Amino acid sequence: METRLNDNLLPLDQLMQHETPFYFYDLDLLRATISHINELTASHNAIVHYAVKANGNPRILKEIAAAGLGADVVSGGEIIAALDAGFSPGKITFAGVGKTDREIKLGLEHEIGCFNVESVPELEVISQLATEMGKTANVALRVNPDIDAHTHRFITTATADNKFGIAIEFLPQVVKRAHALPGINLRGLHFHLGSQITVMRPYQMLCETINRLLDDFEHDGTTFEIINVGGGLGIDYADPDAHPIADFEQFFATFHHHLNLRQGQQLHFELGRSIVGQCGSLIARATYVKHNRNKQFVILDAGMTDLIRPALYDAHHKIENLSSRSSERATYDVVGPVCESSDTFAHDCSLPTTQRGDLIAIRSAGAYGESMASTYNMRRLPQAVFSI
Ligand code: LLP
């Protein structure tokens, strides 16, 4: 028998009491995921930063901060959210190609652990602002390693034509510049290949690139305190119950075996999706079941404003009918109410016979779900409900 979200979590009658649509978060799974990460990294000189952009819900952030992880942020808003949740400023890294002066000043004021810098103009602005404020900015240079992780073209970040990072051939001169500028403490190098990566080959290639770079720099007498290899580890969207926790073992082992870290060098990670993806589901109700010439539609009260991944990336999320007791199944297109054809969660989805009022779960929605929600069509933002 298929396991269903509500079999071992909130009883159905409790889920039924909440106004839909809402995100349901299984905090036990989140805690188990984080403990697993902490166990695997405990004996290494490693810090895992949680990519706040994946899910900035304050309750989720507090759980992650309390477990001792760092935070990877991409805006002033995320710096504030991370500080409010209790992340230690020294464990906050600030990434992004377009940091504004106001955001940089906020980071300097709170003496965050690292600015991941993406260009020389940005480096110069940080240097100037830090000097004016009498501060020193901790900096890692984001390198574009030109490795194609073969993920969706919207979430691949490390190929040469991408806006992210500094091309490898420019790196030596940017490192020199960083050493020469006042107010800059160059601590390390930063890399990020992309997102939803489920094979280890791109990470292995990244390790090889980093090894070569470290050798070359060492040759010239330059060493780095931090190597930040980013995030991107994928999750199982097709069968979340088979793999509720991502394959962190393989992920960390890849770096352990292939990266030649130097004595005392710290390894940093920035993981988002793999930490929170499986602990969240979007819960909706079927407002109508509609039969048209060739198709049957389940029309939900949740739409692309609540979870945009299927519309934006053609992403697949497993869909379950939590309340149907029917043993018969039918094939439906599961859609939202928004006036856009892309407001479709799944085509030709097999579900138990579904009726108006049934409670539907869209699984693996903990990452880039609530955090990407919008009020398009003047819809309300989805609420959050927690398991405990
Ligand atoms: N570090 C950097 C520099 C990043 O740009 C990202 C994600 C991460 C870390 C975290 O990556 P993760 O471990 O979560 O894969 N909205 C898209 C994903 C966008 C990812 C953006 N960058 C989606 O829903 O698939």
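Arginine 177 counts as partly exposed, at 35% relative accessibility. Here, buried means under 20% relative accessible area, exposed over 50%, and partly exposed in between (1.4 Å probe, protein chains only). The model is predicted: local features need pLDDT of at least 70, side-chain atom pairs count only at pLDDT 80 or more, and totals for chains, interfaces and linings use all residues. Residues are numbered from 1 along each chain as its sequence is written, and side-chain values use heavy atoms, with hydrogens and water left out.

Arginine 177 forms a salt bridge with glutamate 124, the closest N and O atoms being 2.9 Å apart. A salt bridge is a side-chain nitrogen of Lys or Arg within 4 Å of a carboxyl oxygen of Asp or Glu. Glutamate 124 is also partly exposed, at 33% relative accessibility. The whole structure holds 17 salt bridges.

Another salt bridge joins arginine 187 and glutamate 225, with the closest N and O atoms 2.8 Å apart. Arginine 187 is buried, at a relative accessible area of 15%. Glutamate 225 is partly exposed, at 38%. Arginine 262 and glutamate 218 meet in a salt bridge of 2.7 Å, N to O. Salt bridges that share partners also join Asp241, Lys318, Glu320 and Arg363 into one network.

The ligand is surrounded by 17 residues, each with a heavy atom within 4 Å of it. This shell divides into six nonpolar, five polar and six charged residues. Nonpolar means Ala, Val, Leu, Ile, Met, Phe, Trp, Tyr, Cys and Pro; charged means Asp, Glu, Lys and Arg; the others, Gly among them, are polar. A polar side-chain atom of arginine 309 lies 2.6 Å from an oxygen atom of the ligand.

Key. A polar contact is a pair of N or O atoms within 3.5 Å; within protein, one must be able to donate a hydrogen and the other to accept it, and residues adjacent in sequence count only if both atoms are side-chain atoms.
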